[in-house]
Amino acid sequence: MTQQSTSTAGSSSAGSGTAGPSAAGARTTVREAADPTAGPPFAPPLEAPFPPLAEPRPLGERRVWPRTFHDRLTAPLPGLKAMARFAREGSVRPGREGLADIPLLPFEPGPLPRVDARTVAVSWAGHASWVIRIGGLTVLTDPVWSRRILGTPARITPVGIAWSALPRVDAVVISHNHYDHLDAPTLRRLPRDTPVFVPAGLAGWFRRRRFTLVTELDWWEAAELDGVRFDFVPAHHWSKRTLTDTCHSLWGGWVLTAPDGARVHFAGDTGYGHWFARIGRRYPGIDLTLLPIGAYDPRWWLSDVHCDPEEAVRAAQDLGARRMAPMHWGTFVLSAEPVLEPLTRVRAAWEKAGLAREDLWDLPVGGSRVLDQARRP
């Protein structure tokens with residue numbers, strides 16, 4: 001979805017990380033915003049995780065959460081004045097010239113790479129949907145294989161990976177409950193015993209659809225599946241799926257860590273801000289970050305919840321990530337920037353930052369890359 005917050009201060013508000021009586025173990029995950037030793041925003045990553053990583057929680061654990069996560073918002077949700085301004089001057093689609101480049105959007109579907117348990121590979125199906133191969137597992141992120149999502153025009157590029165071409169899906173991670181990230185028709189295609197990792201407050205949605213192994217986590221918490229660690233980390237965003245559930249579930253990104261230490265960060269949907277540097281300190285040695293670069297115009301309306309391309313490059317640097325793969329562009333028209341602009345701007349920002357061109361994995365929809373083990377420290 002593209003309901004947004006206004007462009008006000010990027011404060012560092014966050015919840016306590018606890019989740020009611022059944023989440024006593026969550027108290028080991030310190031509230032980052034209140035940590036006096038966490039260092040200044042945008043500091044470079046340290047040599048070791050800081051604070052220490054939380055012990056993995058049990059898979060499928062049933063937990064009690066607060067009714068709302070409004071205290072985790074980085075900026076206020078839009079008020080009446082912002083709504084009136086958007087109604088008066090806002091635009092959610094580019095003009096004719098901005099749509100003219102749709103035929104030029106990179107779409108190159110290919111076979112998924114062959115992998116083994118020590119291989120890390122990513123394949124972009126479009127938007128925020130990735131097939132991540134890590135530690136011998138196949139993990140889907142925010143899977144949306146539908147042609148259309150609620151309230152949005154149909155896809156402007158097809159899905160880059162045929163559902164029939166997928167290997168067995170070992171796990172799914174969900175960043176938040178907006179319709180372009182949590183797609184019920186796609187999820188219905190999965191076996192109901194597929195392990196699903198979701199933000200706090202979202203397990204009920206899956207259990208009502210008869211999924212049997214749903215693990216919901218607070219920020220800085222983790223679970224483990226077949227030796228691969230799944231850590232849920234903060235993002236600058238929000239949640240809403242109906243008229244009455246604003247911020248009733250959490251939002252965030254994921255850090256996947258293989259048994260050999262290979263590490264992939266999936267940012268989900270997010271604006272730019274202080275959380276990236278803190279994630280980088282806590283999870284040093286990120287080999288690849290998957291970061292959103294689209295749905296950013298107009299900035300006054302979207303800056304708190306969606307990175308623009310230059311901010312995404314800065315976020316990759318804050319994370320200390322060795323490589324970045326852009327996402328959340330070229331699939332659905334969610335905002336007013338020209339459809340090809342995110343790609344041209346992220347390439348220019350990457351070059352301006354003096355970063356190695358081969359470390360920007362600007363994949364076409366349907367494209368794949370394999371992490372070269374020789375280039376890992």
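Where is the place of W130? Select W130 and look: its place is in strand β2. The model on screen is a predicted one.

**Stop 1**

Keep W130 selected. Is W130 buried or exposed? At 0% relative accessibility, W130 counts as buried, because the cut-off for buried is under 20%.

W130 in β2 is the bridge partner of W124. Next, colour the two strands around this pair. Strand β1 covers residues 121–126, and strand β2 covers residues 129–134. They run antiparallel, with five bridges joining them.

P143 and W130 are 13 residues apart along the chain. Their C-alpha atoms are separated by 7.3 Å.

**Stop 2: the sheet of seven strands**

Zoom out from β1 and β2. Strands of a sheet pair through backbone hydrogen bonds, and the pairing can be parallel or antiparallel. Here, seven strands form an open sheet. Follow them in the order β6-β5-β4-β3-β2-β1-β13. The pairing is mixed.

Look at the two edges. Select 214–217 for β6 and 368–370 for β13. Each has a single partner strand, so one side of each is left without a neighbour in the sheet. Turn the view to compare strand directions. Neighbouring strands of this sheet are turned by 20° against each other on average, direction ignored.

**Stop 3**

L217 in β6 is the bridge partner of P199.

Step to P195. P195 lies in the loop between α3 (184–187) and β5. At 13% relative accessibility, P195 counts as buried. V139 and P195 are 56 residues apart along the chain, yet their C-alpha atoms are separated by 9.7 Å.

**Stop 4: the sheet of six strands**

Move to the other sheet. This open sheet has six strands, in the order β7-β8-β9-β10-β11-β12. Its pairing is mixed. Which are the edge strands? They are β7 (222–225) and β12 (324–327), and each pairs on one side only. From one strand to the next, the twist averages 20°.

Select β11, residues 288–292, together with β12. These strands run parallel and are joined by four bridges. T289 has M324 in β12 as its bridge partner.

Now pick V264. V264 is in strand β10, which spans residues 263–266. At 2% relative accessibility, V264 counts as buried. V264 and A321 are 57 residues apart in sequence and 8.9 Å apart in space, C-alpha to C-alpha.

**Stop 5: two cysteines**

Select C247 and C307. C247 counts as buried at 0% relative accessibility. C307 also counts as buried, with 0% relative accessibility. How many disulfides are there? The count is zero.

**Stop 6: pockets**

The largest pocket has a volume of about 310 Å³. To centre on this pocket, select G201, L202, R208, H248 and S249. Of its 14 lining residues, these lie nearest the centre. The lining has four nonpolar, six polar and four charged residues.

Go on to the second largest pocket, which holds about 200 Å³ of space. Of the 13 residues in its lining, the closest to the centre are R168, V169, D170, P191 and T194. By class, this lining divides into eight nonpolar, one polar and four charged residues.

**Stop 7: cavities**

Hide the surface and look inside. The structure holds three cavities of 30 Å³ or more. About 120 Å³ of space lies in the largest cavity. Select G330, F332, V333, L334 and E337 to find it. Of the 14 residues that line the largest cavity, these are the closest to its centre. What classes make up the lining of the largest cavity? Nine residues are nonpolar, four are polar and one is charged.

How values were computed
Residues are numbered from 1 along each chain as its sequence is written. This is a predicted model: local features need pLDDT of at least 70, side-chain atom pairs count only at pLDDT 80 or more; totals for chains, interfaces and linings use all residues. Side-chain values use heavy atoms; hydrogens and water are left out. Two strands pair if DSSP finds at least two bridges between them. Axes are lines fitted to C-alpha atoms, for helices over the stretch in contact, and angles run from 0 to 180 degrees between N-to-C directions. On a 1 Å grid over the protein atoms alone, a cavity is a set of points where a 1.4 Å probe fits but cannot get out, and a pocket is an open set with protein on both sides within 12 Å along at least five of seven lines; lining residues have an atom within 4 Å of a point. Grid points are joined across faces, edges and corners, and a volume is the space filled by probe spheres set on the points. Ala, Val, Leu, Ile, Met, Phe, Trp, Tyr, Cys and Pro count as nonpolar, Asp, Glu, Lys and Arg as charged, and the others, Gly among them, as polar. A disulfide is a pair of cysteine sulfur atoms within 2.5 Å. Buried means under 20% relative accessible area, exposed over 50%, partly exposed in between (1.4 Å probe, protein chains only).
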